[in-house]
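Here is a short briefing on backbone geometry. Have the sequence and the model open as you read.

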Amino acid sequence: MFFDGGCRPNPGAIEAAAVIRGEAHVFANLGRGTNHDAEWTALVKALDLATSLGFRDIELIGDALPVVRQANAALKRGSALDRHEAAFLDLCRDAPPGRIRWIKREQNLAGIALARRHPR
């Protein structure tokens, strides 16, 4: 499952997208924050969506390397250092992801879905 978040401007209104099995799910009006907040929101929304669809042991794929690293560290530690990690780990109790990995921005299908919302 691909995930990506953004905000307009930065800081600004948070939006997120998740793509699972080729279907894009876009979430808007998710509050205000920074790009970092938006990426975490996207990760949490993606995991929540996968869980609600009955998927387990999924692979989460995103282009925000700091968030990918921090999420993997939180999973390994089993405890949260901030509110983003806490929200993520709360969802992981029922359905932990099988893997969280980084890819390049141009390969992120969720990022492509978000970009379509804002043509230049």
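The model is predicted. Two prolines in the loop between strand 1 (2–8) and strand 2 (12–20) come up here, starting with Pro9. Two non-glycine residues with positive phi follow: Arg21 and Asn29.

**Cis peptide bonds**

- Arg8 and Pro9 are joined by a cis peptide bond, with omega near -20°.
- Pro9 sits in the loop that runs from strand 1 (2–8) to strand 2 (12–20).
- The bond from Asn10 to Pro11 is cis, and its omega is about -5°.

**Positive phi at Arg21**

- Arg21 is not a glycine, yet its phi is positive, at about 50°.
- This residue, Arg21, lies in the loop between strand 2 and strand 3 (23–27).
- Is Arg21 buried or exposed? Its relative accessible area is 75%, so Arg21 is exposed; the cut-off for that class is over 50%.

**Positive phi at Asn29**

- Asn29 is not a glycine either, and its phi is positive, at about 55°.
- The loop between strand 3 and strand 4 (32–33) holds Asn29.
- Why does Asn29 count as exposed? Because its relative accessibility is 73%, and exposed means over 50%.

Notes
Residues numbered from 1 in each chain as written. Predicted model: local features only at pLDDT ≥ 70, side-chain atom pairs only at ≥ 80, totals over all residues. Heavy atoms only, no water. Helix = DSSP H or I, 4+ residues; strand = E, 2+ residues; numbered from the N terminus. Buried < 20%, exposed > 50% of the residue type's maximum accessible area, 1.4 Å probe, protein only.
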